[in-house]
Amino acid sequence: MALAPRLELRQGQSLVMTPQLQQAIKLLQLSNLELADYVEQELERNPLLEAGTAEPAERSTERDAHEGEREQVISSETSLTLSEDGPPPGRDGELDTDYDNVYADESRSDAQNDAAAAATPGQTSSDWQNVKGGSSGGGSGDGDFSFEATLAREATLAEHLTEQMHTALKTPGDRLIGSYLIDQVNEAGYMTADVAEVAERLGTDVEDVEAVLQVLQSFDPTGICARDLKECLALQLAERDRLDPTMQLFLEHLELFARRDFEQLMKITGADREDIASMVEDIRACNPKPGLAFGTEPVVPVVPDVFVRSRADGSWAVEINSETLPRVLVNQQYYAEVTKLSGDQSAKAYISECLNNANWLVKSLDQRARTILKVASEIVRQQDAFLVHGIQHLKPLNLKTIAEAISMHESTVSRVTANKYVATPRGIFEMKYFFTSSIASSSGGAAHSAEAVRHRIKELIDVERPDAVLSDDNIVDILKGQGVDIARRTVAKYREALNIPSSVQRRREKKAYA
């Protein structure tokens, strides 16, 4: 067979990931905080984009009344009805492909590839004086006043210990050892370095390092700079005058306490059941990680992306939380002025590209909101029994069921439900919470949700009597009697996931408190 070059004409179809489509996919999977950071970066990058400002009272009232229609009404008897605003003016057309054509392995964008870099403008000293109604009182007077300079942050653990060290240690050598040891304290407050290694590295005696370490262990918070859990608890109990010889024996055998082997602890310590229970209460009152109280990030409350409200007729109203949606405007007037006055072709090309990017961003934000609303509405429809009756009626649900119901691809549903939260009459839940695996019914009926079964296992253990502690086999028999076909190893896995000890450990603990 002779080899020769030749031309062939082939026809095929392929999905091209344009930059605009990649942007739409990325926006779909961002949380509301990540979306706000992303839009803030785009506002800095694109001169045609403007952040939406507050509207006059009359216009904002009309807008709020109109946005109140941006919801879906869900009822078990009737079909979906959707009344939403259309795309804003100047944004005709849709994306160059539908979301249901996007597949999981075709998206290479990720929210973590973009870092938030929003700068807060400074405020002049004259502005500050106008606010206060007088002079700045010790300020620079003529210089610029930075608002960030007045902000305070919580002290870190290292800073808190260093401040105490300068008062407690007097000699430069001790302070050098103390500074090195403080650097070896982890965020939980434990000393991670070996004393002998520290002495060798610093060229000093082990006794000197031990002496400095004892001083550091007297600092606030109590239990800091301990080398292990036993030492951390001992330091806290000593401060409360509860570290007697019996308690020291108890601490030396903490592994027995972890196994709830109170009978063996009573033999070792010579204490009776009442004394053991008292020592357990003292230990539980201690803080096993004293360092976590310093320098931690403030807890950010969860802001729901979707609200679910019950209606008087028994249906559910699902609406987007407009407070989490960034307001972005495209300055068409500025674009017209630049293209009219500028004779530079490169400038015109740049401003045209900015206009296209701005329009795509606004269009993608609108499409993102509509897609989230569509997915959330179908989830509410599927989990109607949970919203009405509680977790016992949570249905097994997967991404495929939602995707088929709303004619989208599973990867799209997965992106929508990532880092999104729903506020329901039963609390705020992550969208992923409603997707649980199924456990077959022993009677041949409808399958049970794994989350509902876990909740039932916890309920059974919570009400068990001290003289009738339920083993995993007992729980299996009870659940099978209630129509749940479950294996013993599955019960053990769910129990461990709930941080519930075994029946042997629970029996020991209940006897100790009996």
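Is Gln217 buried or exposed? In this predicted model, Gln217 is buried, with a relative accessible area of 10%. Buried means under 20% relative accessible area, exposed over 50%, and partly exposed in between (1.4 Å probe, protein chains only). Residues are numbered from 1 along each chain as its sequence is written, and side-chain values use heavy atoms, with hydrogens and water left out. Local features need pLDDT of at least 70 and side-chain atom pairs count only at pLDDT 80 or more, whereas totals for chains, interfaces and linings use all residues.

The chain has 22 helices and 12 strands. These are DSSP runs numbered from the N terminus (helices: H or I, at least four residues; strands: E, at least two). Of the 514 residues in the chain, 38% are buried. The chain exposes about 29600 Å², by the Shrake-Rupley method with a 1.4 Å probe. Carbon and sulfur atoms supply 50% of that area. A contact means heavy atoms within 4.5 Å. Among contacts between residues at least 6 apart in sequence, 65% join residues at least 24 apart.

Gln217 sits in the loop between helix H8 (206-216) and helix H9 (229-239). Leaving aside residues up to four places away in sequence, Gln217 touches Ile224, Cys225, Ala226, Arg227, Glu231 and Leu235.

Ala199 belongs to helix H7 (residues 195-202). Ala199 is buried, at a relative accessible area of 2%. Not counting residues up to four places away in sequence, Ala199 touches Thr204, Asp205, Val206 and Val209. Val209 lies 10 residues from Ala199 along the chain, and their C-alpha atoms are separated by 6.3 Å.

Aromatic rings were examined next. A pair of aromatic rings is described by the distance of the centres and the angle of the planes. Rings of Phe, Tyr and Trp (its six-membered ring) pair if their centres lie within 6.5 Å; planes under 30 degrees apart count as stacked, over 60 as edge-to-face and the rest as tilted. The count comes to 8 aromatic pairs. Phe250 and Phe257 have ring centres 5.7 Å apart and planes at 55 degrees, so the pair is tilted. Phe250 is buried, with a relative accessible area of 0%. Phe257 is also buried, at 14%. One aromatic cluster is formed by Phe386, Phe429, Tyr433 and Phe434.

The rule requires NZ of Lys or CZ of Arg within 6 Å of the ring centre and within 35 degrees of the ring normal. Lys363 lies over the face of Trp360, at 4.6 Å from the ring centre. Arg454 lies over the face of Tyr494, at 4.9 Å from the ring centre.
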